[in-house]
Every structure is written in C-alpha cells, then in structure tokens.
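Me: I should like to learn how to read a few features of a protein model. Could we take them one at a time, with the general idea before the case at hand?

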Amino acid sequence: RQVRLLDGAWRYGFIDGWDSGFDSMNASFRPSDGATPNMTSVPSCMDVVAGGAGGYLGPRGVGLFRTSFRSPAAGSAVRLQFQSCSFYCRVWVNGREVGDHLAGGYVAFALDVPADALSPDGGGENELFVLADNRFNATTAPMHTGGDFWHYGGITRSVELHAVPEAGPLLWRAHVVPSSSAVEAEQPDGAPAAVDISLVLSGVEGGREELKGQGELGGKAESGGAVGGSPRCGGGAACPAPVYYFSLAFDGGEAVARNGTASGGTVRLEGVPVPDAKPWSPDAPHLHTLTVSMGGQSVTERFGLRRFGVDKATARLTLNGEVAKLVGWNHHTQWPVTAASPTDEQLDADIALLRKGGANLVRGAHYPHDPRWLDRLDEAGILFWSETLGPAVSVANTKDWAFFMVHQKRQLSEMIDNAINHAAVFAWGWFNEGPSDHPEA
C-alpha cells in the first residue's frame with residue numbers, strides 16, 4: 001500500500017509553563033485557536049534548552065504542530081501512525097478531531113481518518129494539526145509517573161500516512177513469529193524452520209474487526225447488518241465468515257496463493273514452512289522477509305528464526321537449544337542536542353559501542369524504543385528487553401482497572417504490535433520497578 005513519511009518542517013507554537021492554565025483536554029479547543037508562528041523539525045523534542053542541551057532544564061508546556069498533506073485518492077480514507085507523540089497527544093485533520101493518545105509518549109499508535117474528513121479532491125491539500133503536552137499530569141499522562149530520567153515531549157519520532165483501500169479491509173500488519181506448533185519442522189540446532197502468521201486486518205471506522213462482512217467470498221451483509229463486527233445476513237442469521245485470498249512470498253521468492261477466514265479481525269496461519277530456513281543468533285543474525293499481498297495491498301515484514309527456552313538443569317536461558325550467557329547494558333534514548341530524536345549516525349555509534357564492549361543484550365530502559373533501534377539490534381544479533389513506560393508505579397496504580405491499567409494495557413498492546421517481528425526481542429517487560437513485592441499488585 002501507499003505509505004508516506006510526513007517528517008520535515010512543520011509550523012510550531014509553544015504554550016510555556018506548568019501553570020499556564022491551558023487545558024489540553026478542553027473539548028471546545030480548535031486548531032484555529034492555536035498559534036503556530038514558528039518552524040520546527042519533525043521528529044524532534046520540544047524540551048530542548050537554549051544552546052541545544054536536551055532535557056533536564058527544558059520547558060514544560062504544550063506544543064502545537066501544523067503541517068499539510070495531500071489525499072492519496074478521492075473517496076479514500078487514511079491512517080496516521082505516530083511512532084511517538086509525547087506525553088499526551090491530540091490530533092485534528094481539517095479542523096476535525098480524529099483522536100487522542102494517553103498510553104505513553106514512547107509507543108507507536110495509529111489514528112484513522114475517514115474519507116469525509118479529507119479533501120474531496122484526489123490529491124487535495126489537508127491540514128494536520130497536533131497538540132502535544134509534556135506536563136506531568138495523572139489525567140493526561142497517566143503512564144508518565146516520574147523516575148530518574150528525563151521524559152521528553154513533542155513529536156519525537158516519525159509520522160506516517162497510510163492509504164486505506166476503498167473496498168475491503170486494510171491489511172495493517174503481518175505478525176510473523178517462529179512457530180510453536182510445528183515441532184517436526186525444527187532445525188537440528190534447535191531453531192524453528194516454520195512460522196505462525198497473523199494477518200491483522202482493519203477497517204477505518206473502528207480499528208480491528210470492522211470488516212463489515214465483506215470478503216472475496218461469503219456474501220455481503222445487508223445494510224446496517226454489521227453489529228460489533230458480527231454481520232447479519234438474510235433472516236437475521238449470522239453471515240458465513242468471509243474468506244480472504246492472499247499470497248505469501250518469502251525472501252523475494254515465488255508467491256504462493258493462500259486463503260483464510262478472519263476471527264477478531266485477524267487471519268491466522270500456523271506452521272508455515274520457511275524455504276531455505278536459516279537460524280537467527282548473536283553469532284549469525286540471519287534475517288528472512290515475508291511479503292503478503294492481498295486485494296492490491298502488499299506488506300513486507302522482516303523476522304528471524306530463533307527459539308528461547310530454559311535449561312532444566314541450571315534454569316538458565318537457552319537460545320536455539322544452547323545455554324546463552326547474556327552480557328549487556330541498559331539503553332536510554334537520550335542524547336545532547338537531539339534528545340529523544342536521535343540521528344541514524346547516533347544510533348549506529350551506540351551499536352558500535354555495544355559491539356566494542358562485547359554486548360549481546362540491551363535492556364530498553366524504560367519504555368518502548370524506536371523501531372530504527374530495533375532494526376539495528378536485529379542486524380547486530382543483540383538481544384533486547386522491551387518494556388512499557390511506567391517508572392515508580394504504585395500498588396494503587398496496578399489496582400486501578402478503571403483508568404491506569406486500561407492505558408497500561410493499551411500501551412503493552414501497541415508496543416507488541418509494533419515490535420513483535422523483531423528477532424532481537426526476547427522479553428516483554430511490564431513497566432519499570434513496579435511493586436512486584438506486593439501480592440495485591
């Protein structure tokens with residue numbers, strides 16, 4: 001599908017101060033109320049002090065960002081993906097609010113923009129307006145609970161514009177994980193030679209499971225028949241599950257036709273053999289690709305074949321059946337001048353330092369990290385511990401299932417959706433330094 005980066009020069013304004021009185025959740029606020037007289041780069045951090053030193057003394061307040069983009073085609077919706085927008089984020093397109101995000105400023109999230117919110121002309125101009133609030137606040141930024149590191153604000157990572165097909169669901173992702181079901185396909189060294197594939201489909205109205213009963217087969221629901229993702233056909237009976245036709249191609253090879261039905265907005269395939277399978281390990285970080293094509297859309301995902309386990313005799317971690325000794329460090333996304341929006345060269349320099357130190361492990365302190373960083377860890381054969389943001393989480397936080405844990409769970413889901421295919425990831429962390437010594441937590 002068509003994907004465009006919206007990075008570059010944006011118009012910008014800043015409302016300074018903890019006590020400015022500005023309410024970022026004010027329902028009556030409109031983009032026309034926000035002044036953006038300056039220019040800034042996206043991605044970048046808005047809490048950079050004079051002289052370019054990032055953080056610690058940077059201002060707290062509300063950043064207002066404005067840019068424009070062209071509609072991909074008349075009558076087509078789009079999906080906006082923010083790789084991060086910190087802390088609290090609200091988004092408008094052509095003056096119409098399309099959503100906000102409270103689940104932490106370091107995790108990727110997506111917002112859907114329906115066709116009727118866009119310019120009616122194919123290729124027409126649209127205004128994108130973003131509000132980012134980097135003030136600590138339990139309501140607007142519940143995941144930002146404190147900690148001994150600087151929490152950066154602004155549009156700190158890339159913004160992507162994804163075209164949505166006019167008919168049928170959006171093929172959003174293909175989650176590709178080493179197979180747990182095809183033991184017979186295991187390689188002699190203990191690595192799997194097959195994968196489990198989950199095709200994540202969605203419609204623009206409500207995220208996953210808005211398929212409206214439409215597929216290449218299985219009929220079409222009557223008008224108004226789709227209720228909560230469960231379409232009803234003639235006589236009120238449930239429609240047959242739609243069948244989706246697609247093709248799979250590994251490593252740029254021949255495409256093989258497949259089909260499947262969706263459950264919960266996902267088509268699942270188990271134990272799919274990988275041709276000429278090669279294991280991923282720190283010593284030989286071989287990576288495969290899978291290209292999925294469906295309904296004029298195509299998504300390519302990169303993955304590695306590896307299996308983690310525990311040695312029964314020593315309780316030590318195993319990788320592809322062999323005991324692994326892990327040596328490494330924590331890694332924060334925090335640089336002078338560029339702060340939490342590093343250049344490719346800065347990321348490369350950190351990989352070089354890790355290699356020089358003989359590291360095969362990095363803990364992603366203390367939040368989901370930039371996908372560019374995970375790409376480099378995959379290629380370098382360095383294992384990664386990926387965790388959600390949430391330092392100094394209290395027992396009360398963990399028992400707050402009406403608000404705090406709702407957004408913590410959303411952050412976890414968004415982190416996994418964005419990082420599950422990375423071969424380097426061996427552990428998912430549930431925030432940092434939580435009260436795990438308290439049974440009630």
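Me: How many residues lie between β16 and β17 in their hairpin, and which residue in the turn has a positive phi?

Reply: In this predicted model, five residues separate β16 from β17 in the hairpin, and Asp251 in the turn has a positive phi of about 55°. The two strands, residues 243–250 and 256–263, run antiparallel and are joined by six bridges. Within this pairing, Ser247 has Ala257 of β17 as its bridge partner.

Me: What joins β17 to β18, and how do these strands run?

Reply: As a general idea, side chains in a regular strand alternate between the two faces of the sheet. Here, β17 and β18 (residues 266–273) run antiparallel, with two bridges between them. Ser263 has Thr266 of β18 as its bridge partner.

Me: What span should helix α4 have, and how far apart are its end C-alpha atoms?

Reply: In general, an α-helix has 3.6 residues a turn, so residues three or four places apart point the same way. Helix α4 comprises 16 residues, 404–419; at 1.5 Å a residue it should span 22 Å, and its end C-alpha atoms are 23 Å apart, which agrees. Among the buried residues of α4 are Phe404, His407, Gln411 and Met415.

Me: How many salt bridges are there?

Reply: The criterion is a side-chain nitrogen of Lys or Arg within 4 Å of a carboxyl oxygen of Asp or Glu. By this rule the count is 17. One of them pairs Asp116 with Arg96, at 2.8 Å from N to O. Asp116 lies in the loop between β8 and β9 and Arg96 in strand β7, so the pair ties together parts that are 20 residues apart in sequence. Asp116 is exposed, at 61% relative accessibility, whereas Arg96 is partly exposed, at 36%.

Me: Are Glu301 and Arg173 buried or exposed?

Reply: Both Glu301 and Arg173 are buried. Their salt bridge has its closest N and O atoms 2.8 Å apart. Glu301 is in strand β20 and Arg173 in strand β11, so the pair ties together parts that are 128 residues apart in sequence.

Me: Which residue forms a salt bridge with Glu387?

Reply: The partner of Glu387 is Arg363, with the closest N and O atoms 3.1 Å apart. This pair links strand β26, which holds Glu387, to strand β25, which holds Arg363, 24 residues apart. Glu387 is buried at 0% relative accessibility, and Arg363 is buried at 18%.

Technical notes: Residues numbered from 1 in each chain as written. Predicted model: local features only at pLDDT ≥ 70, side-chain atom pairs only at ≥ 80, totals over all residues. Heavy atoms only, no water. Pairing = 2+ DSSP bridges. Helix = DSSP H or I, 4+ residues; strand = E, 2+ residues; numbered from the N terminus. Expected span 1.5 Å × (residues − 1). Buried < 20%, exposed > 50% of the residue type's maximum accessible area, 1.4 Å probe, protein only.
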